[in-house]
Amino acid sequence: MNRSVSRYPGSSMAKAVTLFAVRPVFFGVLVTGYCFFPPGVPAQETKPVPPSGQSRSTAIIWTELLQKTPYPHTAPLPPEVRTALDGTYTKVDPKKIPPVPCRRCPDYMPEGGIWKLNLDRGIFRIFHEVTGWRSLGSFIVDRNRVQLFNDPYCMEVNGFYRWTLADGHLILQVVEDTCAIGLRAKNLTQLPWRSCRPPSMETGTNDHEPRSPGCD
């Protein structure tokens with residue numbers, strides 16, 4: 001007994017018991033730290049993640065989207081040649097109810113606010129300014145029909161639409177499209193898309209008509 005107590009000079013038996021109780025905890029902390037930060041790997045600074053849609057401006061997100069190219073999920077990318085539909089279009093959904101926060105909202109859900117649609121040499125890009133939701137894919141124009149494919153949200157689905165373009169407005173009418181349980185078709189056909197091209201380029205008149213929201 002005297003030999004055991006002598007290991008802690010100047011301490012009482014209570015202190016010895018306390019030290020034995022603390023040592024396993026301290027050892028556990030060392031082991032935990034070793035598991036999370038192994039030798040040679042510095043700990044990374046943890047930064048708070050801003051809410052979705054607030055980390056970057058809509059202009060930056062849109063610019064980045066315009067630089068992206070679709071992946072040929074199920075079909076080769078079409079030739080990069082200009083089409084009769086090439087241009088940027090916008091629409092303003094008048095829905096006033098704010099989007100419900102969710103981790104996995106339905107894709108192409110028609111929400112209020114400004115939507116942008118860019119058609120450029122076989123690539124379509126679509127963007128919702130309020131939520132930051134966006135997608136892109138391929139398209140082919142065949143007379144008054146347009147086909148959508150290579151959309152990452154519905155890789156196995158091709159969408160077919162009839163289109164008309166007059167007075168700076170693009171109107172799409174669905175022929176067949178089951179992408180996102182039909183939400184892509186509903187979104188694209190719910191309202192006319194107004195061209196961002198100056199009216200003078202479309203008709204040769206009316207240079208001073210204000211541009212559509214979202215075209216700046």
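This is a predicted model: local features need pLDDT of at least 70, side-chain atom pairs count only at pLDDT 80 or more; totals for chains, interfaces and linings use all residues.

User: Good to know. How many disulfides does a search of the whole structure find?
Analyst: The search turns up two disulfides. One is formed by C154 and C179, with the sulfur atoms 2.0 Å apart. The other is formed by C196 and C215, where the sulfur atoms are 1.9 Å apart.

User: Let's take C154 and C179. Is that disulfide left-handed or right-handed?
Analyst: It's left-handed, because the torsion about the S-S bond of C154 and C179 is about -85°.

User: And which parts does that pair tie together?
Analyst: C154 lies in the loop between β5 (145-149) and β6 (159-166), while C179 is in the loop between β7 (169-176) and α4, so the pair ties together parts that are 25 residues apart in sequence.

User: Is C154 buried or exposed? And C179, buried or exposed?
Analyst: C154 is buried at a relative accessible area of 8%. C179 is buried too, with a value of 0%.

User: OK, now the other one. Where do C196 and C215 sit?
Analyst: C196 is in the loop between β8 (193-195) and α5 (199-203), and C215 is in the segment after α5. The two are 19 residues apart, and the pair links distant parts of the chain.

User: What's the torsion about the S-S bond for C196 and C215?
Analyst: It comes out at -80°, and the link is left-handed. Both C196 and C215 are buried.

User: Switching to charges. How many salt bridges does the structure hold?
Analyst: There are seven salt bridges in the structure. As background, side chains of opposite charge can pair when their charged atoms come close.

User: Start with R184. Which residue does R184 form a salt bridge with?
Analyst: R184 pairs with D177, and the closest N and O atoms are 2.8 Å apart.

User: Are those two buried or exposed?
Analyst: R184 counts as buried, at 0% relative accessibility. D177 has 8% relative accessibility, so D177 counts as buried as well.

User: Which residues are linked in a network of salt bridges?
Analyst: D151, D177 and R184 are linked that way.

User: What about R121, which residue does R121 bridge to?
Analyst: R121 forms a salt bridge with D120, with 3.1 Å between the closest N and O atoms. R121 is partly exposed, at a relative accessible area of 35%. D120 counts as partly exposed as well, at 22% relative accessibility.

User: And R143, which side chain does R143 meet in a salt bridge?
Analyst: That would be D142, at 3.8 Å from N to O. R143 has 71% relative accessibility, so R143 counts as exposed. D142 is partly exposed, with a relative accessible area of 47%.

User: Last topic, N187. Which helix does N187 lie in?
Analyst: N187 lies in helix α4, which covers residues 183-189.

User: Is N187 buried or exposed?
Analyst: N187 is buried, with 0% relative accessibility.

User: So what does N187 touch?
Analyst: Leaving out residues up to four places away in sequence, N187 touches K91, Y108, M109, P110, W115, I126 and W193.

User: Great, thanks!

Conventions: Residues are numbered from 1 along each chain as its sequence is written. Side-chain values use heavy atoms; hydrogens and water are left out. A salt bridge is a side-chain nitrogen of Lys or Arg within 4 Å of a carboxyl oxygen of Asp or Glu. Buried means under 20% relative accessible area, exposed over 50%, partly exposed in between (1.4 Å probe, protein chains only). Helices (H or I, at least four residues) and strands (E, at least two) are DSSP runs, numbered from the N terminus. Contact means heavy atoms within 4.5 Å. A disulfide is a pair of cysteine sulfur atoms within 2.5 Å.
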